Amino acid sequence: MTSLLKVDSETKKKVDTFRERITSEAEHLVASFFPKKLLELDAFLKEPILNVVDLKDIHSEINFKVPEPVLLTNSHDGMDMPNSRKRKMEDGVGDENCQGGARVLVLPEGMMKSNRKLVILIERVKPEIRTLIEKCNTVKMWVQLLIPRIEDGNNFGVSIQEETVAELRTVEGEAASYLDQISRYYITRAKLVSKIAKYPHVEDYRITVSEIDEKEYISLKIIVSELRNQYVSLHDMILKNIEKIKKPRSCNNEALY
């Protein structure tokens, strides 16, 4: 049968080589990498860094000192408030600075450090998230390449392939959301630390930073647990349906004629 679409033979050979490479990589991932990685993550969950009993141990010190109270002279005790307010608005300073906040130009203690314990933990978790995304993408491409052409009937195996692709896509999306969660933690904490620098006399901001750190620590442990569980579920799902995934259609229909 003459092909309806002419494809350059050299290009076709390269595409076939790509398909073979994807197939080899994906089968290795499902058979060897997934079970190995789930065992590694299970061991990671048992390490002391993820089993801190007292969450106060992960708190980091906030070195912003409360400034000494400043006595205002008559020229600054509110008598010329309208003019003072006008000058502040012209300088681009909003009403927020009229509530007793300190204008921060430089920190006497130098740069405010991040929570080093959490940073170390995040730097261990992030590569695991990226690995899961990349490996899921490879396996998803493999299954998609195994989907046969569209036909009427005998599509039960194809539906299994499509469900597998959907599950792999879901896992990819969830893993990507973990990276967003880490970014939001840094942004939220930075805003709170900025508030402390501006309002060092408000204790609630300091307590909130500690609460945010505790929440992120718990979230990181949950993320590692979820990564392990996703490797387990993907490995189990693909192995149970490997026959239909690799050969979605049987030849029984042909034998009837």
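**Close-up views of a predicted model**

By the cut-off used here, the salt bridges come to 14, each being a side-chain nitrogen of Lys or Arg within 4 Å of a carboxyl oxygen of Asp or Glu. This is a predicted model in which local features need pLDDT of at least 70, side-chain atom pairs count only at pLDDT 80 or more, and totals for chains, interfaces and linings use all residues. Residues are numbered from 1 along each chain as its sequence is written, and side-chain values use heavy atoms, with hydrogens and water left out.

**View A. Lys-37 meets Glu-128 in a salt bridge, 3.3 Å from N to O.** The pair links distant parts of the chain, with Lys-37 in helix α1 and Glu-128 in helix α3, 91 residues apart. Helices here are DSSP runs (H or I, at least four residues), numbered from the N terminus. Both Lys-37 and Glu-128 are buried (buried is under 20% relative accessible area, exposed over 50%, partly exposed in between, with a 1.4 Å probe and protein chains only).

**View B. Lys-240 and Asp-236 form a salt bridge, their closest N and O atoms 3.0 Å apart.** Both lie in helix α5, four residues apart, about one turn of the helix. Lys-240 is exposed at 64% relative accessible area, while Asp-236 is partly exposed at 35%.

**View C. Phe-33, Phe-34 and Tyr-231 make up one aromatic cluster.** Rings of Phe, Tyr and Trp (its six-membered ring) pair if their centres lie within 6.5 Å; planes under 30 degrees apart are stacked, over 60 edge-to-face and the rest tilted. Phe-34 is buried, at 0% relative accessible area, and Tyr-231 is buried too, also at 0%.

Terms used: Helix = DSSP H or I, 4+ residues; strand = E, 2+ residues; numbered from the N terminus.
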